[in-house]
Each structure stands twice: as structure tokens, then as C-alpha cells.
Amino acid sequence: MKVSVIVPVYNVENYLAKCLDSLVGQTLQDIEILVVDDGSKDQSGLVIEEYAQKFPDRIKAFTKENGGLSDARNFGIERASGEYIGFVDSDDYVTETMFDEMLQLAEKHQAKMVICNIQKVDQNGKVTQKLTQIPNMSEKIELEDYFSVFSDLSYFACNKLFKKELFADKRFKKGVHFEDIQLIPQLLLECKALAQTQNFHYQYLERTDSITKTHTEKGLDILKAVKDVEAVFEKSGYSHKRKELKNFQIFEGVYSFLAYLAFVKDEEIFYKMDDELAVFMGERKIKIRDILNYTRFGKNYLLSLPMKKKIFYLLFFAGQKKLIRKLL
């Protein structure tokens, strides 16, 4: 088997069929789809059973007790027989040529990780936003020469194809939020080259029926994820790339954290998380000017943001926490 696609499922009965249709319809023939029902309480299990019976050569169905997204992905990894592994969230879907093209790129360039672009779609299939992952770079990217991608990349698991050997001694961390930020950079550090396509293969569904997530102290998992990556970075073959490490700390440890903090309504938790960020920055000697001057793909990141986010960040960096609390 060339490619194993892992689909963790939890209470998505209204969206699962479209996801599975996009996978059983892949032009790549040498593919298996591991659908892991993570203890769903709705009718998702019946949908999985129907597709497993209809497409026995493509779909392998599993049911387990609820353990969360990381646990379900790890469950699939341990049962995957493919040379390469991909992940698709069960309420999203993909183009029919996604894994065909990405496998070709992996083999053509001997790349252990391949990346495609993402587009956000509404429930009518209308594209609401295009997310280009690595602009203005070639199909093959040698990391030693272009290691800036380490700090610039968006670390989604679902728009990438991975050589299975990358997971030989690594798994998604269970019981945490932001598991992609914690693991995917570690996998990148095991690569010498990346391959990419500019095609928007991955369709990320913006659901209107999803319950707004409460922003809590779980956001501190972002800082913990960055610390885990730092430990692996120091032992990697790229440990001399100090500028890129600092930029990673700024992008994931400061900007990503602040993007989460902007939605924390509880004042006590807000200030506690703010204190944790101050410690994080102090330990890494990250100055405000470093954050303001951070560039992503050659452009000043702060200036490229929408006005609302830009105002929030500028107020935060100016120390106007009380004014920010009034705005939230």
C-alpha cells in the first residue's frame, strides 16, 4: 500500500459522507482509508459501516472509546500499512487528485513531507478564503538552503503527506490542545527536503452549526508545544539555525498565543495567561521590536494582518491591557 489516509471521527454524521466520498473517489488506486470512530454518540458509526460495506477494498473501519483527536490519529498510525500517511478531518473534504499528486511529488523529489494549499469553504461549497502555504518557492525546497520555512509554515497536519518512517518514534501528544504545533515541526526537523504543490487540494469547512469553543487556560498548551519543539530542535541537524528558531518562537509562541488570548473572556485567566507569555518572552530574550519586525515569507507580518488584529496586537505590545479588556 502506498498511502494510508487516517480519518478520526467524532459526532459528524451530517458531514462524514461528503468527506468519505472525496476519499473513495481518489484517482490514486493504491490507497487505504482508515476511519476511526472515536466513540461517537450520533449516527456517525452507521455512516462508517455503510461506506465500509460499499467500499471494502478502500475503507478500513475501527471503533474505539473516546480519547480525543490525538488518540484517534495515533490509533490509525499504528494500523496503517501505507508507505505514506495523510490525515483528513471528518468534516472536511479533498479534491480527487490530492493524494495522487502529492505521492508523485514525494517520490519525484525524495521528500518525506509534501504540502498542498488550503481553501476555506462554507456549507454550500463556496470558497471563502484561500490559504497559500508556501508562496514564491519552487516545487522542491531544500531545508538547509531555505530553512526560513521552519518559522513561516502553518503547521496543519491535514494538508500534508508524510513518509511513515517519520512516525517511527513520534506520535501526537494526547490530552492537549494544539497537537499539530507540538508534533509537525518535530517531523519537519527530520526532513532534508520538502515538496509542495500550489493546488488548493484541501477543503476546510467553516461550519455554521459548530458550538463556539470556550477559550480557557488550555491556550497555554501553545507555549508548552513550542517548548517541546525547542527541545527537539536543539538535538536536530538544524540546531545552528538560531534566527529561524527565534522566528518560530515569535510566530507560534507569541502571535499564535495572542490570537487565542484575544478571545479569552475571563479576566483572571486573561491576566494569568498574559503573565505566562511575559515569562516565555523573557526566558527567550524576545523583545517587542523583534515581534514588530518579524517577517513571514519576506513581508512584515504585523502589517499584513487585518486591521482588527493589528489594533489588538499594537495595544497589547503597548501594554494597554485594560483597554484591551474593554474591547473584548
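This is a predicted model: local features need pLDDT of at least 70, side-chain atom pairs count only at pLDDT 80 or more; totals for chains, interfaces and linings use all residues.
Where is P185 found?

Residues are numbered from 1 along each chain as its sequence is written, and side-chain values use heavy atoms, with hydrogens and water left out.

Back to the opening question. P185 is found in helix 6. When I say helix or strand, I mean DSSP runs numbered from the N terminus: H or I over at least four residues for helices, E over at least two for strands. P185 is buried, with a relative accessible area of 0%. Buried here is under 20% relative accessible area, exposed is over 50%, and partly exposed is in between, with a 1.4 Å probe and protein chains only. Leaving aside residues up to four places away in sequence, P185 touches F150, Y155, D180, V229 and F248; a contact means heavy atoms within 4.5 Å. S148 is 37 residues from P185 in sequence, and their C-alpha atoms are 13 Å apart in space.

Let me step back to the whole chain. There are 13 helices and 14 strands in the protein chain. Its radius of gyration is 20 Å, close to the 20 Å that the globule rule gives for 328 residues, so the chain is as compact as a globular protein of that length. For the record, that radius is taken over C-alpha atoms, and the rule is 2.2 Å times the number of residues to the power 0.38. Along the principal axes, the C-alpha atoms fill a box of roughly 60 × 45 × 35 Å. Of the 328 residues, 52% count as buried. Among contacts with a separation of 6 or more, 80% come from residues 24 or more positions apart. The accessible surface is about 15700 Å², and carbon and sulfur atoms own 50% of it; those areas come from the Shrake-Rupley method with a 1.4 Å probe, and for residues only the protein chains shown count as cover.

Now, please find strand 10, residues 160-163. K160 and F162 point one way from this strand, L161 and K163 point the other way, and all are buried.

Nonpolar side chains tend to be buried together in soluble globular proteins. The largest nonpolar core in this model has 102 residues, and F87, F99 and F167 touch the most other members. Helix 8, residues 242-261, gives the most to this core, with 10 residues. By nonpolar core I mean buried Ala, Val, Leu, Ile, Met, Phe, Trp, Tyr and Cys residues joined through side-chain atoms within 4.5 Å. Beyond four places in sequence, the contacts of F99 include V3, V5, L28, I31, G86 and L161.

Last topic: charges. How many salt bridges does a search of the whole structure find? The count is 26, where a salt bridge is a side-chain nitrogen of Lys or Arg within 4 Å of a carboxyl oxygen of Asp or Glu.

One of them joins the side chains of E83 and K2, at 3.2 Å from N to O. E83 lies in the loop between helix 3 (69-77) and strand 4, and K2 in the segment before strand 1 (3-9), so this pair ties together parts that are 81 residues apart in sequence. E83 is partly exposed at 33% relative accessibility, and K2 is partly exposed at 26%.

Another salt bridge brings together K60 and E32, at 2.8 Å from N to O. K60 sits in strand 3 (residues 59-64) and E32 in strand 2 (residues 31-38), 28 residues apart. K60 is partly exposed at 36%, whereas E32 is buried at 1%.
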